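Reader: I have a few "how do you know" questions about this one. Can we take the labels and see what backs them up?

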Amino acid sequence: MLHRLERRFCPPAPAPLPSRPGLLELLARLRRNPLECWSADFFQEPIAKVRLPFTQAFLVHDPDAIKRVLMDNAANYRKDTIQRRILSSGLSDGLLSVEGGRWEVQRRALAPIFSRRTVASFTAPMLAAAIELAAKWRRMGAGATIDVAAEMTLVTLNVLALTIFSDGIGGDLDDFRTAMNAYFGVIGRIGALDLFGVPKFVPRPGHRRLLRTMLYFERVIDNIIDARRERLAATPESVPNDLLTLLLRSLDPSTGRRLELREVRSNILTFLSAGHETTANTLAWSMFLLSKSPEWRSRVAEEAERELLKPVDALADRLIETRAVVEEALRLYPPIAALSRQAIETDRLGNMVVGPSSIIVISPYVLHRHRRLWSDPDAFDPTRFLPQHRGNIPRFAYLPFGIGPRICIGSSFALQEATIVLAVLTRSFDLRLSPQAEVWPVQRITLRPANGLPMQIEKVQ
Ligand code: HEM
């Protein structure tokens, strides 16, 4: 499927281990970089079983079994305690972390906020954030070296700031970003305490710093909410139609219940954390992959040149080749590299019996490179995602956003944003990877370039 003239490019990734590591080595690798734990058998087997000290885990990469866990029998598989403990510090009342009836109420109330129509209405702020970044790079000029990974974190935070609270964060965006980085730095590592299920009251390393950061977030967000509520009460017609207004007005259609204040606050934090690094890394990997593929770089630049000059309506839908690059980046480097669940009652997956409390791990990273499901799985080839080939991808073989009832609520938002930002930047700049850059994927909370992504602006169009 690759263009005949271009060499097949397999971007950097750890070579699968020849055999499974022992427990101590597994722990060390999990802490350093969970991507480096996978042995070759996981990329070939549909389902693999692993014994852990107090439980067992099933590594599930078979489309039918995935369908059963995440969709058909999803009620039997709750988000497991490891994932919740790692992910939900401070977000415990937000959609990502709640379970059962509270999750249902929130999901119903929040769904309209992320509908296609509402997301399409965010085209303008997404474009504005991209253009602002392009203007900054233009001022730096050809020859400048930038850390593209850090810059993408900035632009995605700006997009969230513009779409959640269009009148700004109300304080210093840089302080907010520093706090965000500190937050991810602490929660992003899988430690032995989490893996062995040590209760939450046992302090984790960095816990105090995390608490301080959470208090800072709460203070900033509460101030913004208070100001907006006053405006909503005093002059509702003057209030911007952003995510914050939608959240404050959101009602659960079945009960008419409004979200509680702590739920609004938790969901703002949830959107900021779930939508920030994930989309930033998608963009960073897309920019890296394009820098290695002159053919796709010019295809994206030409498409952007053509489409960005037209009215912005349905812009992202017209950026077909750009979106294929974004989707291929999400395949090779899925920002959420592993999903996990815990079985409630006994179930059968393939020919395996899954007992209560068993852990199920579905790794989009492994799934997207699975030998049985993809041809040339390690090679960069966005052609796979062009409309004429897309139908060849089995539905449960490509899951960057998960699937089933807990599928990412922000997937259209993220795809639209990444497509628009990538188009704007590729149209305006030719970037080259710095010669001393060592690009390597590391899995923290998200899958990101371990050493940032230093790139040089070669040409400004
Ligand atoms: C490329 C960017 C993104 C990726 C790869 C991504 C990935 C995911 C995945 C895999 C899940 C499911 C987790 C599971 O089943 O255990 C998820 C859930 C979620 N995501 Fe995203 N996400 C992205 C962007 C966003 C954005 C932009 C937002 C919001 C602004 C967002 C908000 C959420 C929320 C609230 C959930 C929980 C949904 C629920 O449990 O009902 N995500 N995301």
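This is a predicted model: local features need pLDDT of at least 70, side-chain atom pairs count only at pLDDT 80 or more; totals for chains, interfaces and linings use all residues.

Reader: Then which strands does helix α2 lie across, and at what angle does it run to β8?

Author: Helix α2, residues 63-72, lies across β1, β2, β3, β5 and β8. It runs at about 120° to β8, with the angle taken between N-to-C directions.

Reader: What is the strand order of the open sheet?

Author: The five strands go β1-β2-β8-β5-β3, with mixed pairing. The edge strands are β1 and β3 (77-79), since each pairs on one side only. On average, neighbouring strands are turned by 30° against each other, direction ignored.

Reader: What makes β1 and β2 a pair?

Author: Two strands pair if DSSP finds at least two bridges between them. Strand β1 (residues 47-51) and β2 have five, in the antiparallel sense, so they pass that cut-off. Val50 stands opposite Ala57 in β2, and the two strands form a hairpin with four residues between them.

Reader: And how do you know that β2 pairs with β8?

Author: By the cut-off of at least two bridges: β2 and β8 (residues 359-362) have three, in the parallel sense. Ala57 turns up here as well, with Ile359 as its bridge partner in β8. At the other end of the order, β3 and β5 (residues 339-343) pair in the antiparallel sense, also over three bridges, and Tyr77 stands opposite Ala343.

Reader: Why is β2 called largely enclosed?

Author: Because five of the five residues of β2 (residues 56-60) are buried, and buried means under 20% relative accessible area. Gln56, Phe58 and Val60 point one way, Ala57 and Leu59 the other way, and all are buried.

Reader: Last one: what makes Cys408 a donor to the iron atom?

Author: The cut-off for N, O and S atoms is within 2.8 Å of the metal. SG of Cys408 is 2.3 Å away, so it counts as a donor. Cys408 is the single donor from the protein and lies in the loop between α17 (387-390) and α18 (411-428).

Definitions and conventions:
Residues are numbered from 1 along each chain as its sequence is written. Side-chain values use heavy atoms; hydrogens and water are left out. Buried means under 20% relative accessible area, exposed over 50%, partly exposed in between (1.4 Å probe, protein chains only). Donors are N, O and S atoms within 2.8 Å of the metal (3.2 Å for Na, K and Ca); water is not among the atoms, so sites may look incomplete. Axes are lines fitted to C-alpha atoms, for helices over the stretch in contact, and angles run from 0 to 180 degrees between N-to-C directions. Contact means heavy atoms within 4.5 Å.
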